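Me: I would like to learn how to read a protein model step by step, with the general idea given before each case. Could we go through it together?

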Amino acid sequence: MKDVTIPLKLISLLADGEFHSGEQFGAALRINRAAINKHIQMVRNWGVDVFTVPGKGYRLYAPLQLLDESVIRARLPAGRLAVLAVIDSTNQYLIERIGTVQPGDACVAEYQAQGRGRRGRQWISPFGNNLYLSLYWRLEQGPPAADGLSLMVGIVMAEVLQRLGAEGVRVKWPNDLYLNDRKLAGILVEISGKAGDAAHVVIGVGINLAMRENAVGKIDQGWINLQEAGIAIDRNALAAELTDTLRQALRQFERDGFAPFVARWQALDNFFDRPVKLLIGEREIKGVAREIDAQGALLLEQEGKLHAYLGGEISLRGQ
């Protein structure tokens with residue numbers, strides 16, 4: 001990866017949301033105007049909305065709250081967490097370190113160049129606007145013990161966001177968070193390990209905090225961020241609270257499985273008792289979303305009968 005020292009310093013100077021002249025940048029960073037423009041373009045490529053006004057200089061559309069490792073660590077009672085600036089993917093960072101990481105080890109990043117969503121989709125990850133967090137866990141019982149894990153993570157995320165002030169956040173089966181019927185956050189759980197061996201689990205989450213429309217490129221569904229909804233949550237507090245709460249929940253999940261979390265799902269379910277369609281490959285299955293079972297399967301009511309589904313995605317589109 002290219003040296004990003006100067007672009008990161010530019011962002012730290014711009015983060016206050018005030019105007020900064022080229023002369024200020026030149027003096028602070030000891031580079032000329034051409035170099036400043038080159039690094040500003042790199043920052044823009046990361047999704048940072050920098051604009052210029054002749055005679056005034058450079059400024060961000062809005063101030064950025066940057067991740068602060070010391071603040072996050074001070075809020076965590078124990079465990080390791082790496083704070084990264086520019087990275088391909090937080091999940092990949094941990095996957096490449098399986099064998100040296102310990103259960104509960106986590107990382108957060110300001111920007112992901114190759115953020116991943118489910119089914120090979122890209123997760124749009126502009127610098128400094130959202131939260132990108134991954135956490136490693138080891139399930140000694142093996143991959144089958146991971147049934148319901150992504151739903152458990154969704155429950156924990158929704159409850160943490162509600163505690164921090166986002167009271168309208170809900171879960172969407174099997175692994176998204178919704179606010180006002182639009183996608184707020186996603187979960188990607190990647191599991192490796194053979195039957196009979198321990199399962200290595202990397203849990204990745206992305207939460208839209210202040211992402212602007214012009215930073216996102218193409219997203220094929222309705223999305224929302226907390227700022228748009230008038231909700232302000234401290235990124236550092238969220239990183240610490242979510243990491244600590246996930247670690248506690250994973251200990252319970254490893255001990256008791258998904259069953260203790262089932263009752264918490266229904267109170268958070270954005271689609272409970274609503275007509276939906278379930279998309280499984282090219283198939284579309286219509287019904288009314290009811291609860292989930294102890295394995296995390298969706299119970300869909302069709303012609304008065306409940307049918308359990310473990311795969312696919314539900315949608316309101318076209319209903």
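Me: Is tyrosine 178 buried or exposed, and how do I read such a label?

Reply: A residue is called buried under 20% relative accessible area, exposed over 50%, and partly exposed in between, with a 1.4 Å probe and protein chains only. Tyrosine 178 has a relative accessible area of 8%, and is therefore buried. Its place is in strand 7, residues 176-179, where helices (H or I, at least four residues) and strands (E, at least two) are DSSP runs, numbered from the N terminus. This is a predicted model, in which local features need pLDDT of at least 70 and side-chain atom pairs count only at pLDDT 80 or more, while totals for chains, interfaces and linings use all residues. Residues are numbered from 1 along each chain as its sequence is written, and side-chain values use heavy atoms, with hydrogens and water left out.

Me: Which residues does arginine 235 touch?

Reply: Contact means heavy atoms within 4.5 Å. Leaving aside residues up to four places away in sequence, arginine 235 touches several residues, among them Gln65, Glu110, Asn130 and Leu209. Arginine 235 lies in helix 7, residues 235-256, and because its relative accessible area is 3%, it counts as buried.

Me: How should I read the order of strands in the open sheet of seven strands?

Reply: Strands of a sheet pair through backbone hydrogen bonds, either parallel or antiparallel. Two strands are said to pair if DSSP finds at least two bridges between them. Here the open sheet has the order 3-4-5-9-8-7-6, and its pairing is mixed. Strand 3 (81-87) and strand 6 are at the edges with a single partner strand each, so one side of each has no neighbour in the sheet. From one strand to the next, the twist averages 25°; for such angles, axes are lines fitted to C-alpha atoms, for helices over the stretch in contact, and the angles run from 0 to 180 degrees between N-to-C directions.

Me: What lies between strand 10 and strand 11 in their hairpin?

Reply: Two residues lie between these strands, and glycine 281 in the turn has a positive phi of about 60°. Strand 10 and strand 11 (residues 283-292) pair in the antiparallel sense over six bridges, and isoleucine 280 has arginine 283 in strand 11 as its bridge partner. Strand 11 also forms a hairpin with strand 12, with five residues between them, and in that turn glycine 296 has a positive phi of about 90°.
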